[in-house]
Amino acid sequence: MCHTKKLSLKRSMNSSLLTLWLKCVKSNIAKMWRLRAGRLLDQHSAFTTQLLELMWHRIESPVDGLLDSVHCSFRLFFDIYRQECSHFGDVELPLYSSILHCLKALPWQVKAKYLLLSSLVSCFGADKILGDYEELPKHLFNCLSTNHLCSAASELYRTILQQHRLECTLTQGTLSEQELAESWAQSWLQILAEALTSDNPLYQQNTANYFLGRTLKIFPASFHLLARAFDGSHSEHRLGWITLVSTQQMTSGSLPMEADTLRNLRASLHCLDDRVRLRALALLCISPKTNQALSSKAMGLLKEFLPLNLNCSSSSFRQLLQVSVKKALVRIRDSCLLNLRALRRSDNSKKGGEGYPGAAAIVFEGV
């Protein structure tokens, strides 16, 4: 055990030393070019080969914290290589192609693969990586079926989306949110929609938790594209749509109440599938803030739903219905108390008008 700890400590120190050395090289690369009268990272040089082997042999190390250090080393290495290619006019990037080929050959279950690809995306661009690695979206979504790979896949997905948005802006000028979302959809819409309608609960939940929220934050207009993808009467489509709207609610802070959303929500509340009705009810009742009042439209849907479902014979259905209704009642109570305080402040104020707009109506509706 003592020998194992010493070996782990030694590997960690060696990796940290390599990272510090690469940082020093990056900050002094121009001086090194002058001293060497040429580039440092030549594809066929023994130095470059040994340096890559030193980092590559550590990417699957079980030592805690070592993988992050190796990731940092590769990122610095790619930064230096990109600077050299730019300085010496090397547009073919042969070393990049070699490294990407090695990463593609790794099984999709290797966590380090996605950390290193994240570094490649940051250095060479999302469109280039996706063009050279067509199976990447499929491999990324495969990671969502395994919990320990979700964070690495999510980080790479976020990096790709941010880089893609930046590249679109730089190459095509000012684009609308709709145009940016349509650009995202070319590579990701179909596979994301399929994952959200999967019959595997773990896969679907991880997709919502790790990928869907990032998508809606970086490409807000993707919400409408995804909503159209779930425009069907099948239970899986309705469950996928509810997951989408729920994530949008958590992202924006409020439940969207457009005509299409209300129509689909009402249809889900009247669906024959118990799962769909319960998920739709939870969407209606739950809010990021417990003092957020139910809108008159939401209150109307709730009043419409309850009389038709209180006599359900399933005990589990009744239990989950009770949980959702309790959360709705808590929201009604807290929003009424909040607005009563607002009305009191308004009455006590000399200037008046400091209460929330419609405070009295919210209290009356809650009661």
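Predicted model: local features only at pLDDT ≥ 70, side-chain atom pairs only at ≥ 80, totals over all residues.
Asp274 has a partner. Its side chain meets that of Arg277 in a salt bridge, 2.9 Å from N to O. Both sit in helix α15, residues 274–285, and being 3 residues apart they are separated by about one helical turn. Arg277 has 10% relative accessibility, so Arg277 counts as buried.

Next, a network. Lys26, Asp79 and Arg82 are joined by salt bridges that share partners. Take Asp79 and Arg82: their closest N and O atoms are 3.7 Å apart. Both belong to helix α4, 3 residues apart. Asp79 is buried at 11% relative accessibility. Arg82 is partly exposed at 36%.

What about Glu84 and Arg39? Their side chains form a salt bridge too, at 3.6 Å, N to O. Glu84 is in helix α4, and Arg39 is in the loop between α2 and α3, so this pair ties together parts 45 residues apart in sequence. Are these two buried or exposed? Both Glu84 and Arg39 are buried.

Now helix α5, residues 94–105. Its buried residues are Leu95, Tyr96, Ile99, Leu100 and Leu103. Why are they on the same side of α5? Because they cover an arc of only 130° around the axis. His101 and Ala105, on the other side of α5, are exposed.

Last, the core. The largest nonpolar core has 106 residues, and Leu140, Ile160 and Trp184 touch the most other members. Helix α10 gives the largest share, 10 residues. Beyond its close sequence neighbours, within four places, Ile160 contacts residues including Val121, Leu140 and Trp188.

Note on methods
Residues numbered from 1 in each chain as written. Heavy atoms only, no water. Core = buried A, V, L, I, M, F, W, Y, C linked by side-chain atoms within 4.5 Å. Buried < 20%, exposed > 50% of the residue type's maximum accessible area, 1.4 Å probe, protein only. Helix = DSSP H or I, 4+ residues; strand = E, 2+ residues; numbered from the N terminus. Contact = heavy atoms within 4.5 Å. Arc of directions from axis to C-beta. Salt bridge = Lys/Arg side-chain N within 4 Å of Asp/Glu carboxyl O.
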